[in-house]
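Trainee: Hi, I'm new to this one. Could you walk me through it?
Mentor: Happy to. Let's bring it up.

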Amino acid sequence: MFDKFENKYIVKGTIVALKPIHIGKGQESMDPTEVDSPVIKDENGLPLIPGSSLKGVLRSFVERVLSSGAFEGYRSCLIVNDEPCVSDDDVKRLKTKYDKDYKKIAEEIYESSCNVCRLFGSNHLAAKLTIKDLNSIDEKTFFDMRDGVGIDRDTGTAKDGKKYNYEITPSGTRFKLHMIGDNLDDDDIELLKICLNVLKNGQISVGGMTSRGLGTIKLIDEKIYKVDKSNLKEYVSNGLNEEMRWNDV
Ligand SMILES: [Zn+2]
């Protein structure tokens with residue numbers, strides 16, 4: 001269950017910024033010539049969406065959908081509310097119960113975990129879904145500046161008398177998406193389909209100030225591949241090919 005190869009889903013495609021994006025560096029620059037809140041860039045000065053940012057918003061989206069009860073039989077815990085499906089105490093109890101039988105402990109953690117933690121991972125469970133950092137595929141980006149008067153850069157809420165500017169990546173910027181799902185079962189695949197559909201429909205926003213309309217992205221030109229035991233040999237010898245395409249979404 002944990003160490004055996006079952007399958008691998010590989011999603012490749014282009015993410016387009018429908019609205020300008022602000023993904024801040026998270027740290028204020030000490031350089032007075034720089035803007036107050038620059039965006040994250042790669043070593044070539046091009047914008048970048050950290051895979052963890054995209055994964056985080058997809059996770060929250062799936063959590064909200066499952067918590068609504070719209071998908072019967074699927075569970076989601078509320079990690080943000082400090083109500084995880086498997087708590088630290090649960091894990092301690094399992095360790096006492098099964099002593100050094102780590103396989104058994106891991107199995108019980110997996111069984112007790114909600115559908116979201118099983119796919120996206122938790123403190124006690126490795127994620128099955130990985131999203132690589134999304135580099136821009138454009139040759140050049142002309143960053144724009146916005147005036148953030150009265151807006152707190154962390155919370156996006158109004159703050160008196162505070163004045164600063166922030167940098168934005170313009171709409172139309174394109175990024176390369178590379179998402180991998182390892183050993184997905186039918187439930188995981190349902191959640192992966194939700195993620196892909198909301199990305200294709202332009203329902204996901206990344207970065208800061210999304211409540212002010214920033215950050216909306218859309219997936220286009222996606223190609224999804226499925227590698228399983230039947231084509232694993234071909235995949236490890238020659239990589240992906242058209243016959244590995246998976247169109248069940
Ligand atoms: Zn959970």
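Mentor: One definition before we start: a residue is called buried when its relative accessible area is under 20%. Keep in mind too that this is a predicted model.
Trainee: Good to know. Are Y9 and W246 buried or exposed, then?
Mentor: Y9 and W246 are both buried.
Trainee: How many aromatic pairs does the structure hold?
Mentor: Two. In one of them, the ring centres of Y9 and W246 sit 5.0 Å apart with the planes at 80°, so that pair is edge-to-face.
Trainee: Which parts does that pair tie together?
Mentor: Y9 is in strand β1, while W246 is in the segment after α6 (232-238), so the pair links parts 237 residues apart in sequence.
Trainee: And what about F71 and Y74?
Mentor: They form an edge-to-face pair as well, with 6.1 Å from centre to centre and 90° between the planes. F71 is partly exposed at a relative accessible area of 28%, whereas Y74, at 18%, counts as buried.
Trainee: Switching topic: what coordinates the zinc ion?
Mentor: The SG atoms of C77, C85, C114 and C117 do, at 2.2 to 2.3 Å. The angles among the four donor atoms run from 103 to 114°, and the site is tetrahedral.
Trainee: How are those donor residues spaced in sequence?
Mentor: The pattern is C-x7-C-x28-C-x2-C. C85 belongs to the loop between α1 (51-67) and α2 (88-98), and C114 to the loop between α3 (102-112) and α4 (115-120), so this pair ties together parts that are 29 residues apart in sequence.
Trainee: Is C114 buried or exposed?
Mentor: C114 is buried, at 1% relative accessibility. C85 has 22% and counts as partly exposed.
Trainee: Now the sheet. What order do the strands have?
Mentor: It is an open sheet of five strands, ordered β3-β7-β1-β9-β8, and the pairing is antiparallel.
Trainee: Which strands stand at the edges?
Mentor: β3 (129-131) and β8 (204-205). Each has a single partner strand, so one side of each has no neighbour in the sheet.
Trainee: How many bridges are there between β1 and β9?
Mentor: Ten, joining β1 (residues 7-17) and β9 (residues 216-228) in the antiparallel sense. I10, for example, has Y225 in β9 as its bridge partner.
Trainee: Last one: where does helix α5 lie?
Mentor: Helix α5 (residues 186-200) lies across β1, β3, β7 (174-182), β8 and β9, and runs at about 145° to β9.
Trainee: Thanks, that helps a lot!

Note on methods: Residues numbered from 1 in each chain as written. Predicted model: local features only at pLDDT ≥ 70, side-chain atom pairs only at ≥ 80, totals over all residues. Heavy atoms only, no water. Donors = N, O, S within 2.8 Å, 3.2 Å for Na, K, Ca; no water. Tetrahedral: all angles 85-135°; square planar, octahedral: opposite > 155°, others 65-115°. Helix = DSSP H or I, 4+ residues; strand = E, 2+ residues; numbered from the N terminus. Buried < 20%, exposed > 50% of the residue type's maximum accessible area, 1.4 Å probe, protein only. Pairing = 2+ DSSP bridges. Contact = heavy atoms within 4.5 Å. Axes fitted to C-alpha atoms, helices over the stretch in contact; angles between N-to-C directions. Phe/Tyr/Trp six-rings, centres within 6.5 Å; stacked < 30°, edge-to-face > 60°.
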